[in-house]
Amino acid sequence: MMIRTDVIVLGAGLSGLVAAAEAHAAGKTVAILDQEPEASVGGQAHWSFGGLFLVDSPEQRKLGVKDSEELALSDWMASAGFDRSEDALAREWAAAYVHVAAGEKRSWLKALGVACFPWCSGPNGVAMAPTDTAKRYPVSTWRGVPALPLWRRFLPSCARAWRPAGFPSTSATGQPDW
């Protein structure tokens, strides 16, 4: 199969869909390739209850959860096991992501019409690493609908570029044919 496109996104998880939506909004043609079937679009976000990783958010504060960028990064590092010298870039990426989750992520999502309501999973709750010491996954809503899978928010903006037939088929061994 020949695909002519400006941008190829590998992976139809939330990050891939966001990248595709941003490229499409910039006027680019986009092809999304994923090894999973169409029913798994959204990746891990497909299976979540809409929880978002936010740090020191208004939703957390409303519930009396005390959180900070430093605490969130400490929790992440305790879970990640970045204990080798070759993990330096992964540690830097984690610190950068926690910084975004403590800052601009919530306002960026709000500008897209995504909001949160103050229910946060916490220690011994869902979608948490065992090393997390604070509840930091408020549930997202979109257009007022709680738990609408967030990944669906990014499909309409790239719908013209989205063709389920563009997903690679898999062979009997489960491996992509491409």
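A salt bridge is a side-chain nitrogen of Lys or Arg within 4 Å of a carboxyl oxygen of Asp or Glu. The model is predicted, so local features need pLDDT of at least 70 and side-chain atom pairs count only at pLDDT 80 or more, while totals for chains, interfaces and linings use all residues. Residues are numbered from 1 along each chain as its sequence is written, and side-chain values use heavy atoms, with hydrogens and water left out.

- R84 and E86 pair through their side chains in a salt bridge, with an N to O distance of 3.5 Å.
- R84 also forms a salt bridge with D87, where the closest N and O atoms are 2.9 Å apart.
- Through shared partners, these salt bridges join R84, E86 and D87 into one network.

**Accessibility within the network**

- D87 is buried, at 6% relative accessibility (buried means under 20% relative accessible area, exposed over 50%, partly exposed in between, with a 1.4 Å probe and protein chains only).
- E86 is exposed, with a relative accessibility of 56%.
- R84 is partly exposed, its relative accessible area being 45%.

**The R61 and D56 pair**

- A salt bridge links the side chains of R61 and D56, at 3.2 Å from N to O.
- R61 counts as partly exposed, at 45% relative accessibility.
- D56 is likewise partly exposed, and its relative accessible area is 33%.
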